[in-house]
Amino acid sequence: MEALLQQIVSGLATGGAYAGVALALVLVTETGIINFAQGEFAMISVFVAWTLIQCGVNYWLAFAITLAVSLAVGILIERTLMRPLEGAPHLNSVMATMGLMAILNSGAGFTWGYTIKSFPSPFPEGALWLGGVALSIQHLCAFGVTMILLLLVFGFLRFTKLGLALRAAHQDPQACRLMGVRVGWIFALGWGLAAFVGASAGIMIAPIVFLDPSMMLGPLLYALAGATLGGWDSPGGAVLGGLLVGVIQNLVGTYIPFIGPDLSFGVALVLIVGVLLFKPAGLFGRVRVRRV
Amino acid sequence: MPLLEIEGLQASYGQVKALHGISMEVGEGNIVAMLGANGAGKTTTLRAISGLIRRTGGVRFNGRPIDRESAENIVRMGVAHVPENRGLFGQFTVWDNLRMGAYLRRDTDTLKEDFQKAFDNFPRLGERRTQLAATLSGGEQQMLAIARGLMLRPRLLLLDEPSLGLAPLIVQEIFQIIRSINRDGGTTVLLVEQNAAIALSVSQHAYVLETGQVAVSGTPEELRQNEGLQKSYLGY
């Protein structure tokens, strides 16, 4: 029982990062496409934060600067690289994000090298004992920070006018223009927010998975599984899906011996295919309501 | 000076020309009807005015040329367009649809009154304010589309076939509201309709379009007396 709880909590720590990337993916899906470079965006952000910390910048200052820069760069990339593809078939945009993924990955390797680096955690080491269960403080705090940032994004989407416009643009861009919404900028804002959320998820997971140009490939796949599980049109569902995938991955790796760490990638794929076969809208995705 | 002046307005869908030089005027405080058969270019004219499609020719709103402006900017000048098919956000509640209508409003104090006004105009929307727009009946959806357009406090309201697909009683109700919006609120209305009888009953002036051109125009009285017109376009 204690072991199970421990596995669940450490699953939540990585799951928090998957949830962050899953939310990022869902935010960009509002513009109609999946951004396969989302993980690499986050990876670059982590390298930026790492470089700042190496230069002696305080951890939390580096964290804040990185998030701000990520937000701005996300907006910039949408406006410069994705904008020309507006109106083209969505497949074109998706292929462009694949290209971006490869470029960012090798660009990071060229700039920072491929050797695995450790990334500092601002939280104390050690464990919190809860009735015989040792919970890693670092894992708990990483999870907590990710959740706080995700709640911020939710508050933004739910309670602000811009957030409302972001959700409206997904439903009907033309009607949005008739309300006076500058839809192009709203889509760019979605990209910026996605980069922001991805950056925080990446920084929180970096002490656990270590830092190298391919560090986000796994999390991206798990985030895809999480978003599919939770439902692509439900930001909250995507977050819960990401958390669930983190926990499932950990439990399956621990309790089903033949899977171990080697096959845990496969678990994500089985999840994706399974959900799409049996519940295509995901757990929390809305089956579109329509009166006929 | 008319609030809206259109001169030689042209627009195309790809290679196909849809408007061949439309000219019309909408005086401030009036309801002007645009009639005509399917495919005559009524909807296209509205889309060209509000900037949803590319167009050439002169469109002036309040004396200012708007034919090169984007849709987003034209809304900012106070032109609300309630489009064909209503353009509601189906997965939003009635309330959130109205909030979207007020997207450009900065005056949060007076905005509250306008929400109340929307529910006074359309009591049924008040009862259903937390319901998803997609689950409303056709008449309620049309009411919501109009109410959402009014949240902008527009000077000019472009209405595209508000009677489409609705039962006669509901159509009566909606046109009463259009009349009161115009009379009490002073909002100028350019109304596209297939239902010529009801459109003529509320308007001060009407244009009849045929294949992308203005075929006839005049007061409702003049159009009603024009027998050839009745047979060929108005169908009653």
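Predicted model: local features only at pLDDT ≥ 70, side-chain atom pairs only at ≥ 80, totals over all residues.
**Exercises on chain B**

**Exercise 1.** Work out in which order the strands of the open sheet in chain B are arranged, and which strands lie at its edges.

*Solution.* Next, extend to the whole open sheet: its four strands follow the order β2-β1-β4-β5 (chain B), with antiparallel pairing. Finally, look for strands that pair on one side only: these are β2 (16–26) and β5 (64–65) of chain B, the edge strands.

**Exercise 2.** Find the strands that helix α1 of chain B lies across, and give its angle to β2(B).

*Solution.* Locate α1 at residues 42–50 of chain B. The helix lies across β1, β2 and β4 (56–61) of chain B. Its direction makes about 70 degrees with that of β2(B).

**Exercise 3.** Describe how domain 1 of chain B meets domain 2 of chain B.

*Solution.* First set the bounds: the domain assignment gives 1–78 + 155–236 for domain 1 of chain B and 88–153 for domain 2. Their C-alpha centres are 23 Å apart. Now turn to the contacts, where ten residues of domain 1 of chain B meet ten of domain 2 of chain B. On the domain 1 side, the elements giving two or more residues are α2 (71–76) and α7 (168–185) of chain B. Of these, α7(B) gives the most, with four residues. To finish, sort that side by residue type: eight nonpolar, one polar and one charged.

Notes
Residues numbered from 1 in each chain as written. Chains lettered and ligands numbered in written order. Pairing = 2+ DSSP bridges. Contact = placed C-beta atoms within 7 Å. Axes fitted to C-alpha atoms, helices over the stretch in contact; angles between N-to-C directions. Domains from an automatic or database assignment. Nonpolar A, V, L, I, M, F, W, Y, C, P; charged D, E, K, R; others polar.
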